[in-house]
Amino acid sequence: MKNKYPATYAAAAADPSAFWLEAAKSIDWIKSPSKGVSLSNPPAAQWFEDGVCNTCFNAVDRHATGERGDQPALIYHSAMTGARVTYSYKDLLRHVASLAGAMKRAGAGKGDRVVIYMPMIPEAVFAMLACARIGAVHSVVFGGFAAAELAKRIDDAAPKLLLTASCGLEPSRIVEYKPLVDAALETASHTVDKVILFQRPELRAPLQSPRDIAWDAFLENASDAHCEPIAATDPLYILYTSGTTGAPKGVVRDNGGHMTALAWSMGAVYNIHAGDVFWAASDIGWVVGHSYIVYAPLLIGATTVLYEGKPVGTPDAGEFWRVINQYNVKTLFTAPTAFRAIKGQDPSGGWIERSDLRSLKALFLAGERADPDTVNWARDKLNIPVIDHWWQTELGWPALATCLGLGDQEARIGSAGKPVPGFRVDVVDEAGAGFNAEKTGEIVIRPPLAPGAFTSLWRNKSGYERNFDINQIYKTGDAGHIDENGFISVMSRTDDLINVAGHRLSTGMIEQIIADHPDVAECAVIGVKDDLKGQRPVGLYVLNAGVNRDEQAISEEIIAQVREEIGPVAAFKSAFSVSKLPKTRSGKVLRATLRKIANGEPYPMPPTIEDPGALD
Ligand code: COA
Ligand code: AMP
């Protein structure tokens, strides 16, 4: 196949509006847009302002009522319970339309927010699509967050309804959701109208308050809801992600731009078309899950796999391969950490050999840098293209990749690829000038951001303007370098965010909790290298003068408190008492230096350190 990447990239850069208006023709619009991009709500771009559409119609109805009605839309495979359920597009429509009807009956309508705090079960996907159907704005909260984090999101999004389940299933324990929901609602200042609870057989939760209602009762006698006409620029969802402050950042995604970009990306980036089976082994609580478990595959009439389980231990390192074999998965998308876990348990690839993987044509990795060892191992064992690609919650879909569907085959190990058409990515020095000399600089994206990228932040907009410079150039917060052929390697963050098992965490958020400990004077949290998870957070704290309690006990209290307030997802297991923290003259803790020391990397002795021995 001819490599159409260069010409496609050039066309999208030369006339973004014309390029994306053409791509938008793959969507069934209620009113087709005549306008491409505008800057009516700067600094982010708005797309297709005069278009009217419905995301659920495009993801479900048009396939269910067309020739794909009986084709599998969603395959639920639980490695935790053994459940295997296939939903055709017709089945999906039935479930989604009735849940949407029940939500409408309960008073949720266009623009109302609905929080979804659920495990990886089909009902969570129905809930997202049901919101899209009636124009309600969903906000999915990852199950690994604790009550306090859920409460923050409830207060920011101010939802009418909260949909949850009795439990999530982790290899080591059953996660009881209901007590977490109750605790979050107790601390949140916002009141929800109703909590709708899906009972799982593994653990049933009592309905305690008048606002609680069982899923089945909620659905009883509900009439199906139709698809509401929604402005292309109206919000489809809010997804909270870690910002550099303790407050979560509510990324707002629109309807029209999002559908257009995701549908286009399936063909151009992943080479996936209607009828193909695509598996994003992520979680619906993350952007990868929103885009590539739920919306993108369904928008184009492909089949998506919803996998509840882990890459290893549920029950073994062969489960991924059995899923691919069983459902004829064509493309797998996951995080490098999942592959490191598999490689760690099955270095010789014995489990891979036991499955027939002829359907598998490509592996895409994202969420953190795909380290060369992992990429080489995957290439060697699978013998297919292994593609690192880069994106962020804000961007919604990949901005750097090797666009397999455009016929580009050229991936460089260690690089996340070249800019995807629609994203003018550059690496710049401190003066904002682009350069090419393999020097590390900040990764920026020149305006307009492609459709599908965030259009705003919800409510708490602090930091929104700071994401862009005065020329509306988007500052990604990542640093890397670009080679002479245009391949960009994403190496680190320029801020205090760290990446743990493909999950983005703010060290500032953990520091706030440690600093609240009564015995702690000051602290710093840094991300240190971890062979499995890429990075893991480590806390260093200085005790208040006069405290002579057992340091081990204090560290344990701190670790427990972080788990209690943020949740197990923080993976915070190391805290140490130190006598001093290195600082600049203005009192800023030198976290970068600490990180280098912890990682065993060379570090320059900071000129402001009075006692170099303090760093040993
Ligand atoms: N609900 C509740 N708790 C959850 C959870 C959820 N949905 N997901 C994870 N947790 C818990 C885990 O049980 C674990 O708790 P523990 O401290 O009691 O053991 C903790 O959060 C950390 O979880 P995890 O990051 O999954 O680590 P792990 O050691 O259990 O597993 C991997 C390691 C590599 C197998 C796992 O991180 C993995 O599959 N990563 C893939 C990540 C991914 O898909 N990222 C999406 C970006 S594309
Ligand atoms: P999130 O918003 O949670 O998806 O996290 C986005 C961040 O993860 C990016 O800003 C990067 O720091 C990191 N990231 C994601 N994909 C990659 C990749 N392919 N290479 C390097 N870093 C990545």
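Arg549 counts as partly exposed because its relative accessibility is 37%, where partly exposed lies between buried (under 20% relative accessible area) and exposed (over 50%), with a 1.4 Å probe and protein chains only. The side chain of Arg549 meets that of Glu557 in a salt bridge, 2.5 Å from N to O; a salt bridge is a side-chain nitrogen of Lys or Arg within 4 Å of a carboxyl oxygen of Asp or Glu. Glu557 is also partly exposed, with a relative accessible area of 33%.

This is a predicted model, in which local features need pLDDT of at least 70 and side-chain atom pairs count only at pLDDT 80 or more, while totals for chains, interfaces and linings use all residues. Residues are numbered from 1 along each chain as its sequence is written, and side-chain values use heavy atoms, without hydrogens and water.

**Salt bridges**

- The count of salt bridges comes to 39.
- Asp91 and Arg94 form a salt bridge of 3.3 Å, N to O.
- Both Asp91 and Arg94 lie in helix α4 (residues 89-105), three residues apart, about one turn of the helix; helices are DSSP runs (H or I) of at least four residues and strands (E) of at least two, numbered from the N terminus.
- Arg94 is exposed, at a relative accessible area of 52%.
- In the salt bridge between Arg340 and Asp371, the closest N and O atoms are 2.9 Å apart.
- That pair links distant parts of the chain, with Arg340 in helix α12 (residues 336-345) and Asp371 in the loop between β19 (362-365) and α14 (372-382), 31 residues apart.
- Arg340 is buried, with a relative accessible area of 12%.
- A network of salt bridges links Arg84, Asp316, Glu319 and Arg322.

**Aromatic pairs**

- The structure holds 31 aromatic pairs, meaning rings of Phe, Tyr and Trp (its six-membered ring) with centres within 6.5 Å; planes under 30 degrees apart count as stacked, over 60 as edge-to-face and the rest as tilted.
- Trp29 and Phe48 are an edge-to-face pair, because their ring centres are 5.7 Å apart and their planes stand at 70°.
- Trp29 sits in the loop between α2 (16-23) and β1 (37-38), and Phe48 in the loop between β2 (46-47) and β3 (52-53), 19 residues apart.
- Trp29 and Phe48 are both buried.
- Trp264 and Trp397 are also edge-to-face, with centres 6.1 Å apart and planes at 75°.
- Trp264 belongs to helix α9 (residues 256-268), whereas Trp397 is in the loop between β20 (386-388) and β21 (400-401), 133 residues apart.
- Ring pairs join Tyr270, Phe278, Tyr292, Phe333, Phe364 and Trp391 into a cluster.

Note on methods. Chains lettered and ligands numbered in written order.
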